[in-house]
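User: I am new to reading protein models. Please take me through this one by question and answer.

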Amino acid sequence: MRNERIGDYLVSQGLITDEQLQKVLEAQKESNGAKKFGELIVELGIMSEVNFTKALAGKLRVQYVDLDNIEINAEAVQKVPEALARKHTVIAINIQGKRLTVATNDPVNFIVLEDIKVSTGMDTVPVLATTTAINKAIGRNYSMQNVDSVVDSIAAMNNDLGGPMEDEESKDRVESAPIVKLATTIIENSYRADATDIHIEPFKAYTRIRIRVNGDLVELMNISSAVHSALTTRLKLISGMNIAEKRVPQDGRFTQVVDGTTLDVRVSSLPMVHGEKIVIRILSTGQIALRKITDLGMSDYNYQLFESMLRVPHGVILVTGPTGSGKTTTLYAALGEIAKPNVNVVTVEDPVEKDIDGINQCQVNTKAGMTFAAALRSILRQDPDVVMVGEMRDAETADIGIRAAITGHLVLSTLHTNDAASTVVRLIDMGVAAYMVATSLIGVIAQRLIKVLCPECKKPRMSTPEENDLMRIDHSITIYDPCGCPMCNNTGYRGRTAIHEIIHCTAKVSSIIASGGSKEEIEEAAKNNGTKLLRDNASELVQAGQTSIDELVRTTFTV
């Protein structure tokens, strides 16, 4: 049993088929043995990394650990030097007397275990974890300890030099190891905490660094204000900004590899009273798989509506919502559904957020005169079937987009409005003729992101009459409140899901739009048509115990 190959073991356990095994073995042959069986089975999408690792643990009779959900002993981590941990992809997680428990992705590699034994002088007990989880844990557990020493060394360097710096001198100084390490560490730690944005804010006595996780800003650390100038100069330097210009806002971007994933990092600077405030947006590049439309968190009813809208050959589909509500994710999922080898899909975006294979993506460049409207005009001469416009920002773009839909193209785009019905009114306000909106619009999807309660620590209770009114129900039910535990960083929530409101433009809705109907009339007709509003969607999630009443109020409350 012990000598049985892992592929044969997976087949015998019914986890993969013979055809899938052959597919992996062929891929391994093509790579000339450069890639391991486990890497390829995950790459080909046959098994997830976690499931493969669990199966391997079963075969090798080694314990599997989920590093994201266990507490790692800081003393144990210190026993193994960071360089050794990164070299062998291992992390020490527990210590008992002279025994050190080490998480590894290769528990039968005795050379690695021997290396650790020699380095620590302790007996090593291997447990199995996924490569991704080990890399993430290494980053999390070693880099936070690095930050303090980095900040101290920068402060010491500042004291040695004293006084303000000239720009050339500043450029030399920010290339010094401590500042480079601090900038890298901030982005790494933020990415590992699943942050979308980093705020570096200068105040008189200190600089505050906050990160946005699940839509909320959380303090990451405070650093000495003496470090601020060097840190901002470093970030401006790598993102291609002018470091001599500190009086006007600037934008830039760069890429950074964290735990094997290439991040696309956008940087924006804005002059403040005590220096420049830097906001960094972290975007994962195309290496992270596109979501399918089944993964958007839609209810079955909304999913069927959305799918039927995507089948319409020409017209406009609009996705609306505030910044950071997942509109682009929904559009990309829709493109993934539509894009076939026999369809020409062209996008105009500012900026291109994900590289998608097989889709022609065009980047807006306003300085060069490449605006949304100019790009859209050219695209319509490129024989497209489907056009995706990143955002209908002005009347000209909206007008060209609507005309493109009337002339037989499928146009997907986004708008910033609060709900689905007000989108139609916004288009007409922008100067698009009401009859053109009525004839071209297929449907509107309004969406928000709502936080999901941590399953480990949520607390049940009965709802009050006021809460019943908010959920639009007539009797008390069991609902849950956030509590907070180590699994959810004491926030009470783990991750987010989307809520949707979809208006399908039926003949009745179109006639109301054409006759210049109000938002309320459009909404009423849509409700009679079966549209579920954002509030209804959020209410269903509260009743299912997935989110809290606070989240319902935060995302959908209106006066």
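User: Leaving aside neighbours within four places in sequence, which residues is Arg 266 in contact with?
Analyst: This is a predicted model. Arg 266 belongs to strand E8, residues 261-272. Once its neighbours within four places in sequence are set aside, the residues in contact with Arg 266 are Gly 252, Arg 253, Val 279, Ile 280, Arg 281, Leu 283, Pro 351 and Val 352.

User: Is Arg 266 buried or exposed?
Analyst: The cut-off for buried is under 20% relative accessible area. Arg 266 has a relative accessible area of 14%, so it is buried.

User: With which side chain does the side chain of Arg 266 make a polar contact?
Analyst: A polar contact needs a pair of N or O atoms within 3.5 Å. The side chain of Arg 266 has such a contact at 2.6 Å, and the partner is the side chain of Asp 264.

User: How many bridges join E7 to E8?
Analyst: Strand E7 covers residues 250-258, and E7 and E8 run antiparallel. The number of bridges joining E7 to E8 is 9.

User: Which residue in the hairpin of E7 and E8 takes a positive phi?
Analyst: The hairpin has 2 residues between the strands. A positive phi, near 50 degrees, is found there at Asp 259.

User: Which residues make up the covered face of E7?
Analyst: Strand E7 has an uncovered face with Asp 251, Arg 253, Thr 255 and Val 257. The covered face consists of Gln 250, Gly 252, Phe 254, Gln 256 and Val 258.

User: In what order do the strands of the open sheet of 3 strands stand?
Analyst: E1 and E2 pair in the antiparallel sense over 6 bridges, while E2 and E3 run parallel, joined by 6 bridges. The pairing in the sheet is therefore mixed, and the order is E1-E2-E3.

User: Why is one side of E1 and of E3 left without a neighbour in the sheet?
Analyst: E1 and E3 each have a single partner strand. One side of each is left without a neighbour because both stand at the edges.

User: How many of the 6 residues of E2 are buried?
Analyst: Strand E2 spans residues 99-104 and is mostly covered. Helix H7, residues 110-120, packs on the sheet and touches E1, E2 and E3. The number of buried residues in E2 is 5.

User: Which strands stand at the edges of the open sheet of 7 strands?
Analyst: The strand order is E12-E11-E13-E14-E10-E15-E18, with mixed pairing. The strands at the edges each have a single partner strand, so one side of each has no neighbour in the sheet. These are E12 and E18.

User: By how many degrees are neighbouring strands of the sheet of 7 strands turned against each other on average?
Analyst: The direction of the strands is ignored for this value.

User: At about what angle does helix H13 run to E14?
Analyst: Helix H13, residues 327-338, lies across E10, E11, E12, E13, E14 and E15. Another helix, H12, lies across E10, E14, E15 and E18 and runs at about 55 degrees to E18. For H13 and E14 the angle is about 170 degrees.

User: What distance does helix H15 reach from its first C-alpha to its last?
Analyst: Helix H15, residues 395-406, has 12 residues. At 1.5 Å a residue, the expected distance is 16 Å. The value in the model is close to that, at 17 Å.

User: What covers the buried residues of H15?
Analyst: The buried residues of H15 are Thr 397, Ala 398, Ile 400, Gly 401, Ile 402, Ala 404 and Ala 405. What covers them includes E10, H14, E13, E14, H16 and H17.

User: How many disulfides does the count come to?
Analyst: A disulfide requires two cysteine sulfur atoms within 2.5 Å. For Cys 454, the nearest cysteine sulfur is that of Cys 457, 3.8 Å away. For Cys 485, the nearest is also that of Cys 457, 3.7 Å away. The count comes to 0 disulfides.

Notes
Residues numbered from 1 in each chain as written. Predicted model: local features only at pLDDT ≥ 70, side-chain atom pairs only at ≥ 80, totals over all residues. Heavy atoms only, no water. Helix = DSSP H or I, 4+ residues; strand = E, 2+ residues; numbered from the N terminus. Buried < 20%, exposed > 50% of the residue type's maximum accessible area, 1.4 Å probe, protein only. Polar contact = N/O pair within 3.5 Å; in protein donor to acceptor, adjacent residues only side chain to side chain. Contact = heavy atoms within 4.5 Å. Axes fitted to C-alpha atoms, helices over the stretch in contact; angles between N-to-C directions. Expected span 1.5 Å × (residues − 1).
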